Amino acid sequence: MTDNPEFNIKTGDTVPVSTYKAARSVAALVAAHFERHHISVGKYYEHELAPKPDAKIVETIIDTTFWASLRREEGRSPKVSIAYLPPESAEHPLIFAEKLSLTANVLTKLAPAVERSGIHLGVWMDGDELRIWGTTRVIPGLCFVLEVIEPGMLVIKHRRVDGFGKFVNVAVLKGDQVKIVNEQSGKVRDCPSVINSMIGFGSRPLWNESPNLLVQLAVSMRSHERGGILLVVPKGKETWRNSIIHPITYHVQPAFSELAELNKRYLAEPNPISWQNQFSSAISNLAGLTAVDGATIINDSYELLAFGAKIGRAAEGSPVEEMLVTEPIIGNVGQVIHPVQNGGTRHLSAAQFVFDQRDSIALVASQDGRFTIFSWSGCENKVLAFRVDTLLL
């Protein structure tokens with residue numbers, strides 16, 4: 001499945017098999033994910049969905065792309081996004097006169113032309129071989145996408161059904177490490193709705209009547225690579241001020257409501273395409289404030305209250321002594337630890353804020369790409385720390 005002779009392994013009947021072991025180990029699980037959700041979404045969705053990849057197709061695409069990601073072209077590692085669909089299922093596709101073989105060499109050569117965000121190489125079966133037919137920027141719901149993040153690191157994802165924003169991640173592969181998103185994680189007690197949306201659950205599985213703006217804010221926070229804290233507090237309540245050191249350097253009065261107003265207008269007239277640019281601009285502007293030292297504070301209606309705020313323990317509160325850390329991937333077992341074991345002062349202050357203000361949540365981005373969502377669990381009677389890096393790649 002790779003065009004490098006040193007990687008080719010043949011069976012007795014001369015049919016090549018994967019040389020990247022993780023491709024074979026994850027293929028059936030990924031194919032089952034798409035099969036399951038095509039059945040589920042098909043009950044509600046009237047438009048055409050992308051075709052389902054079978055396990056062999058998933059394995060082939062992963063195997064070839066993995067080896068391509070380790071190559072270099074003119075000193076640069078390739079970054080590509082591959083979408084499995086025929087050209088007639090794409091909108092305004094760029095179609096090559098001659099289809100190209102799906103090989104590591106071809107992917108490496110094509111990478112410079114498609115490395116910008118939002119461009120996918122279209123791949124489809126031609127006879128008994130997967131071939132590259134061209135490129136596309138618009139793909140249908142539940143379309144299988146494989147993206148190269150860095151050498152040896154791949155993310156399997158798909159477009160949200162009838163929604164905009166971040167794709168839903170299915171699995172992350174990094175060398176011999178495989179992380180498969182646990183779709184049941186969002187159904188646990190006291191799980192914040194933002195986790196459900198990242199995993200792909202709206203009011204129906206993989207069905208989003210409105211964008212979860214916290215997901216988009218999390219993606220934008222992570223992308224500026226400076227680290228930051230976003231606190232989300234209940235609208236109409238002022239108790240959050242007890243956990244903030246005063247005076248607040250960047251206090252916003254009245255509350256800045258650009259994102260809140262856009263969300264209201266969208267809910268009254270939903271149209272992901274026409275609203276997407278306005279949402280993206282407002283989200284980018286708000287997420288940029290989290291790069292300032294201190295916490296950015298919004299209410300649950302997306303109104304900006306302050307930024308650069310310093311978190312302090314509430315006067316009547318006590319220090320947070322423990323929290324449950326978990327990650328929404330298959331096989332993960334939550335661990336109860338002291339907050340200082342989870343990160344630096346940014347994570348500790350966020351955990352303390354949620355411990356004191358139990359009707360709030362905190363989103364914390366680290367400079368190294370880690371992303372944690374803190375919330376209070378009444379069932380566990382402790383702070384929950386959800387590591388969601390796998391969902392945001």
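Predicted model: local features only at pLDDT ≥ 70, side-chain atom pairs only at ≥ 80, totals over all residues.
Visitor: In which sense do strand E5 and strand E6 pair?

Guide: Strands of a sheet pair through backbone hydrogen bonds, and the pairing can be parallel or antiparallel. Strand E5 covers residues 120–126 and strand E6 covers residues 129–136, and across seven bridges the sense of their pairing is antiparallel.

Visitor: Which are the edge strands of the open sheet of eight strands?

Guide: The order of the strands is E4-E6-E5-E3-E7-E8-E9-E10, with mixed pairing. An edge strand here pairs on one side only, and that holds for E10 (177–180) and for E4 (94–101).

Visitor: What angle does the direction of helix H1 make with that of E9?

Guide: Helix H1, residues 21–41, packs on the sheet and touches strands E7, E8, E9 and E10.

Visitor: How is H1 placed relative to H2, oblique or roughly parallel?

Guide: Two packed helices are described by the angle between their axes and the distance between the axes. The axes of H1 and H2 come within 8 Å and cross at roughly 135°. Because angles over 145 degrees count as roughly antiparallel and those from 65 to 115 as roughly perpendicular, the placement of H1 to H2 is oblique.

Visitor: How many residues of the contact of H1 with H2 are charged?

Guide: Residues of H1 including Ala23, Arg24 and Val26 meet residues of H2 including Glu59, Ile62 and Asp63. The contact holds nine nonpolar residues and no polar ones, while the number of charged residues is three.

Notes. Residues numbered from 1 in each chain as written. Heavy atoms only, no water. Pairing = 2+ DSSP bridges. Helix = DSSP H or I, 4+ residues; strand = E, 2+ residues; numbered from the N terminus. Contact = heavy atoms within 4.5 Å. Axes fitted to C-alpha atoms, helices over the stretch in contact; angles between N-to-C directions. Parallel < 35°, antiparallel > 145°, perpendicular 65-115°, else oblique. Nonpolar A, V, L, I, M, F, W, Y, C, P; charged D, E, K, R; others polar.
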